[in-house]
Amino acid sequence: GKIFDALKYAADYYNIKSVTSITVVCRNKKKSAGKSSDGTKLKWMYYDDFIKLSQEEQNEILSRNQESSNDGSFIM
């Protein structure tokens with residue numbers, strides 16, 4: 001899981017042309033935006049939403065990111 005200070009930084013890091021595509025995912029209107037270098041589709045979440053999750057849910061997201069590079073769940 002990566003945390004970015006701004007949508008622009010996230011979009012630049014993954015070469016995503018439009019920051020809007022990330023916000024659409026954060027609002028649960030779309031499943032993914034962009035791909036990692038290995039082709040994994042990226043999932044996004046606002047950090048404010050992440051910290052509202054239970055500790056168990058946070059740990060689940062973080063453990064998926066550590067166990068598998070194919071999950072594509074990233075936190076913003």
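This report describes the fold, the loops and the surface charge of a predicted model of a protein chain.

## Overall architecture

The protein chain contains four helices and zero strands. Read along the sequence, the order of these elements is α-α-α-α.

Of the 76 residues in the protein chain, 34% count as buried. The accessible surface of the protein chain amounts to about 5300 Å², and carbon and sulfur atoms account for 47% of that area. When contacts between residues at least 6 apart in sequence are considered, 43% of them join residues at least 24 apart.

## The loop between H1 and H2

Helix H1 spans residues 7-13, and helix H2 covers residues 19-26. Asn-15 is located in the loop between H1 and H2. The backbone of Asn-15 has a phi near 55 degrees, a positive value in a residue other than glycine. Most residues other than glycine have a negative phi.

Asn-15 has a relative accessibility of 69% and therefore counts as exposed, the cut-off being over 50%.

## The loop between H2 and H3

Helix H3 comprises residues 47-52. The loop between H2 and H3 holds Asn-28, Ser-32 and Lys-35. Asn-28 is not a glycine, yet its phi is positive, at about 60 degrees. With a relative accessible area of 71%, Asn-28 is exposed.

Ser-32 lies in this loop as well, but its relative accessibility is 16%, so Ser-32 counts as buried under the 20% limit. Leaving aside neighbours within four places in sequence, Ser-32 is in contact with Val-25, Lys-41 and Leu-42.

## A patch of positive charge

Four lysines, Lys-31, Lys-35, Lys-41 and Lys-43, gather on the surface in a patch of positive charge.

## Summary of the loop residues

Asn-15 is exposed at 69% relative accessibility, and Asn-28 is exposed at 71% relative accessible area.

Technical notes:
Residues numbered from 1 in each chain as written. Predicted model: local features only at pLDDT ≥ 70, side-chain atom pairs only at ≥ 80, totals over all residues. Heavy atoms only, no water. Patch = residues over 30% accessible without salt bridge, like charges linked within 9 Å, V, L, I, M, F, W, Y side chains within 5 Å. Areas by Shrake-Rupley, 256 points an atom, 1.4 Å probe, with all protein chains shown as cover. Salt bridge = Lys/Arg side-chain N within 4 Å of Asp/Glu carboxyl O. Lys, Arg positive; Asp, Glu negative; His and termini not counted. Charge placed at Lys NZ, Arg CZ, Asp CG, Glu CD. Helix = DSSP H or I, 4+ residues; strand = E, 2+ residues; numbered from the N terminus. Buried < 20%, exposed > 50% of the residue type's maximum accessible area, 1.4 Å probe, protein only. Contact = heavy atoms within 4.5 Å.
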